[in-house]
Every structure is written in C-alpha cells, then in structure tokens.
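Let's take a walk through this structure together. Keep the sequence and the 3D view at hand as you read.

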Amino acid sequence: MSAAYGSWKSPITADIVSGSEKRLEGFTLDSNGHLMWLETRPAESGRAVLVKEEGEDITPKDFNVRTTVQEYGGGSFGVSGDLLVFSNFDDQRLYKQLLASPDSRPVPITPDYGGPVVRYADGVFDGRLNRYIAVREDHRGVDAQPTTEIVSVSLNDNNTEEPKVLISGNDFYAFPRVDPKGERLAWIEWSHPNMHWDKAELWVGYISENGDIDKRVVVAGACPSAVESPTEPLWSSKGELFFITDRNTGFWNIYKWIEDKNEVLAIYSLDAEFTRPFWVFGNRCYDIIEGKDGSTIIACSYRQHGKSYLGVINQAKNSFCSVDIPFTYISNILASGQILYIEGASSVLPTSLAKVILDDHMSKVVDFSIMWSSSSDSDKYISYFSLPELIEFPTDVAGQNAYAYFYAPCNPDYKGSEDEKPPLLLESHGGPTDEAHGTLNLSMQYWTSRGWAFVDVNYGGSSGYGRAYRERLLGKWGIVDINDCCSCAKYLVDEGKVDEKHLCITGCSAGGYTTLASLAFRETFRAGASLFGIADLKSLSDKMHKFESHYILNLAGNETALYERSPINFVDHFSCPIILFQGLEDTVVQPEQARKIYQALKKKGLPVAHVEYEGESHGFRKAESIKFTLEQQMLFFARTVGHFAVADDITPVHIDNFD
C-alpha cells in the first residue's frame, strides 16, 4: 500500500516498546553454577529484581536492588557461595540474604543513618576474613562533595557496625578486587579534574592479618609522561593480575602485571577497544578461564569499526582467535569453564544474556542459547525491522570523518510515494562519552516502521574508536557534536535518503544538550525533542554531582565557553518547535534546566511543550513514562513539522503558541 511517510500503521506500538525496556544490570553464578541476573522492570516503576535461572524472583517485593553511587550506580550486588549481598534503593544500606533458603529475608549489614546518605557499590567477598569489600560514597558531611573510599563490611553474625576504611584520600575509587588467597587487593583510583577515561591509576595493596592494607604499589598510570586509564583489574585462579589499559596506542588492550619486577606485559595488542568508558560500576568486558592443561585463557570482547567481536586468547600458546556468535555488540562476559555467559545484542536481537558453550579448543561455538531478553517476543516483528547501515561521513574538519547507523523506513505493508522522501529523526546519544551500537532497539523501530528514517550518530567524542576520537570533544563540546550531527543530516540529504524539509533531532541528557544547541546555533533541523537535556552549562557545572563536577568545564574548555554554548543564553536564535521531557527526581540534570528553557521559548512565541514526570530521575524507568514520551514525540513532530496524520490514536499534549 502506498501512503505518506510517517503515517504508516505498525504493530510495534508504544506499549510494546515500553514493555521491552527491561534492563540487565548485572549477572553472576551461584554456588551450584546456576545463573542469576538483575533486571529492571518498567511495569514495576523500574524496580530492580534479582532473578534465578529458573525464572523465580530472589528479591522480596519490598526491596529494590539498586545503588546510586556516583548517581549512575551499577555493581549493586555480589554473590559468594549461597550468600547474596546487595544494596537496597530506598535506604542505600547493604543487606545479606541466604540463597539456599527460599524463605530467607534480607538482613541489613551496614548502619542505618536515617536516610540514603551512605551508599555502596562494586563489592567483592574476602573469604579469608569473612567480609565484603566495596566502594563507599559518604554524603554525611556538611561539604557539598561526598567522600569516596574503599571499605570492608563484616559478614559475621548480624552485625551492623561501622565499616572499616581500607583505602582513602583520593577523589574516586572503583574495581576493588581481592586475589584468590585474600592476600592482595587491587583497585582503580583517579582524581579531579579527570574522568576515569582521561587518566587513572591501578594499585595493589597487601592485606595484613588484621585486614588492613600494610603496603601498596602502583602498577599502572603513575608515569607523568604517559597518559593512560587502566581499568577492570581481575585476578586469575593462580593469583596473576590482569587489567585493561590504553597506554602507548590509545586503545584499551589487555595487560598482565609481573609482580616481582613491577612491570606490565601486553597480552595482545590491537587497534580496538577491549572495554568501554567507566560510567557505571560492574563493567566486565573479559574473564579468565583455567584451561584443562592448566593454561590461562582469556575470553574477551573487543570493538572495532563499529562492531563487537568475541575473542579468545591462549597465553601459553601465544594465540588469539575470534569466535563467531550472533551478537554484534558485547557488553559483559562471565566465564565458567567452557561456558561463557555474554550480554550482547545485534541488529535483530535486543539486549540479551546468552549462554555460549565453546569446544575443547575454545575456538568454536558448540551451542548458543538466549537465557534472558529485554524483549522475548521481539522476533514476532522481525519483518518490520529496519537493519542499520553503518555510514561514514565527512565532518567540518578536513580529513576527519565521523560515523553513524542509518535506519531506512521499513514496513512490509506500506511504501512511500515515489515523489517524496521520508522525514528523518536524528538521535544524539548521551554521555557525551557514550556510543551508538547499531543494535535492535524497538523504540527506533517504532519510528522506522511508521515511515520515518532514523540515524544514530557517533559524533566526535564517542567511545568505541579509541582515545584520539574520544578526545575530539575536549574543549569543544557544543561545537564538534553539533557540527557532526548537522553534517550527518546534510550527508543523508545529499545522498537522497531523507527529506531536507523534515529533519528532526532528539537526545537524552548530553544528547538533549546537543539537541537544544543544534536548534539554537544551526538551522539544519525543523524541530527537536530534549529528554532531560541541558540548557545552561554554567548552572549545570555549578550544581553538578561529584563524579562529573569538573567534566562540564573540561568538555567546554573555559568559563566563557560555558556561557557562549548555553542555549538558554541565546533564545533569540531558536526558530522551530521544541518538546521537553523531564523527571522531577533527576539529580544529574535538575528540572529547572527544562523549566527555564521552556519559559523562555514560550515567551518568545515558539511552539513548545513541557512534560514533567513524578518519580522519574535521570533516565525514565516507568512503562507509562516511556510510552508517553515516545508517543508525544511522534505526534509533536507530525503536528508541527510533518503536517501528516499519525496512524495511532494518541491524545496530544498541549503545545503552547500552537494549540
């Protein structure tokens, strides 16, 4: 059937999309080798629940397994034997729970401070001293900035004594990891004004009989002439320390610590990223396997030219092989002998957790099966899926290209008329040190199955392409990202893929900033949607939480740039419709950011809509919020730019200066 682009009817509804927005926030094995994972549920207001492999919930209904350390959280639970330790969202205390007993109730193991002012993340067990070692973020002080330390929490009896501080004095800590004998502790630390991926250090401390750190040695990151960001320390069963760093090449590769010489050895060098920037705790991009012959084998993911691969390194044989699996993006890996549990996705597979069985040579897949999926029935709509095309396009800087995933309109029931081209929605990802992955996202398919073209841009500053590409944005946020997004849209117009008169832009958080800035400082797009985006860089920088408190200035370059690149200061430059979505409990981008730009645009007389959500923070977790945001963006663009009727029955939100 021939119909106007943007007006097609699709079975991929906003209800389907909101139901598919489950997130995987960690997974592990219990003492019997059974898989368990942490999933967030939009239908339960985004509550995070631990689930057994058999599908049975472990977390009681009155608990929510989530930490807010550094605001973004991650690493909110740990399992050793039959003992589970987790962080509870409401009070941020640590609790322990016995997995062997189905009636076991969680018991607190950290003190009650009268509110969620002391938070824990990224914990590991110290079996020798029966304790849990974790990163602690302490907001009890009167200062605006909390203190961050590595502490130990006793697991004896039902104590709730004050945790013991093991490591302190620096601004940030992550990845505390105890060796198999409980004699050494490895960790990552870094200091202001750096983010972890700018510059960090890897340390090892020696644990005394009473549990203190007697002495310590810096393994990587201390050389003033070599900037690097080591990450993900991991001990082998033999007590060897492996880690990932980007020294010399600018790409995160795997290294090993030679303890007696305090030297590091590259395990395998490749112009590829073997990890990703540290935004949330709990990254595990590789794991160590002890081969049947006693050799050390490393299962790892690496990202190159916009695609992830599964690699296997055999140290003894000095060999490396790539193992073919259906995922084109891999985020986390857990090994158990020849069995790998891998979190990943592809252009036709949503975010999933797969069980991968390798052959005896660890070079081929014997079996691949999905254990968990963010959308278990998404394959019902496969004929409606638009497959991503990786495009490379020229930027404003001569000789420099950037990348994006382009999705053409796709619906087997419709086709556009020959005399028109589809409207385009360009997404600018958050971070801004994040990355578009080119994997199945039903929210994107919601657009393409209705006759929209969609492009997900990896502008300069995105991860996945090495340090040099990531650092294009330093001092130039609000320039490089905007230019690259506009260049991408222009490229698609010049290629004849989209309609120049129907270009729209959207983004979350930092992507929301790029959206607003693109509309203020360029005339490429005809409308935009900002989801918890930034309008005032100076205000954001002044009120930013500790983790990112220097990040905004590093990205902008100086105080003058904070003013000159803030959309709120140039409202007169705006000339097109904008819709804003904001959670009222957002502690990263405060609600006043959206309110200020909304009032200013309304006063200017532009079509503008403003939606606020109770109970939502930085990133919408509730099904109803996800659904409403998606539908209202679609209808807003159709009414203000497309002037075509959408196929869905949606009650429009009020648009000031329009309705």
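Start with charge pairs: the count comes to 37 salt bridges, where a salt bridge is a side-chain nitrogen of Lys or Arg within 4 Å of a carboxyl oxygen of Asp or Glu. Side chains of opposite charge can pair when their charged atoms come close. One of these pairs is Glu137 with Arg119, at 3.4 Å from N to O. Here the bridge links distant parts of the chain, with Glu137 in strand β9 (residues 131-138) and Arg119 in strand β8 (residues 118-126), 18 residues apart. Helices (H or I, at least four residues) and strands (E, at least two) are DSSP runs, numbered from the N terminus.

Before going on, a word on what you're looking at. This is a predicted model, in which local features need pLDDT of at least 70 and side-chain atom pairs count only at pLDDT 80 or more, while totals for chains, interfaces and linings use all residues. Residues are numbered from 1 along each chain as its sequence is written, and side-chain values use heavy atoms, with hydrogens and water left out.

Now for the domains. The chain is divided into domain 1 (284-374) and domain 2 (380-641), with bounds that come from an automatic or database domain assignment. Their C-alpha centres lie 33 Å apart. Eleven residues from domain 1 and 14 residues from domain 2 take part in the contact, meaning heavy atoms within 4.5 Å. Together the two domains bury about 920 Å², 59% of it on carbon and sulfur atoms; buried area is the accessible area (1.4 Å probe) that two parts lose on being put together, summed over both. On the domain 1 side, Arg303, Ser347 and Val348 supply 50% of the area buried against domain 2, more than any other three residues.

And which side chains form a salt bridge at 2.5 Å? They belong to Arg303 and Glu435. Between domain 1 and domain 2 the count is one salt bridge.

According to an unreviewed UniProt entry, residues 442-642 carry the annotation "domain: Peptidase S9 prolyl oligopeptidase catalytic"; positions are given in the numbering used here, feature names are shortened, and annotations may be inferred rather than shown by experiment. That stretch is 45% helix and 14% strand, and its end C-alpha atoms are 22 Å apart.

Most residues other than glycine have a negative phi, and most peptide bonds are trans. Yet Gln70 has a positive phi of about 60°, in the loop between β3 (47-52) and β4 (77-80). A cis peptide bond joins His192 and Pro193, with omega about 5°, and another cis bond runs from Gly431 to Pro432, with omega near 0°.
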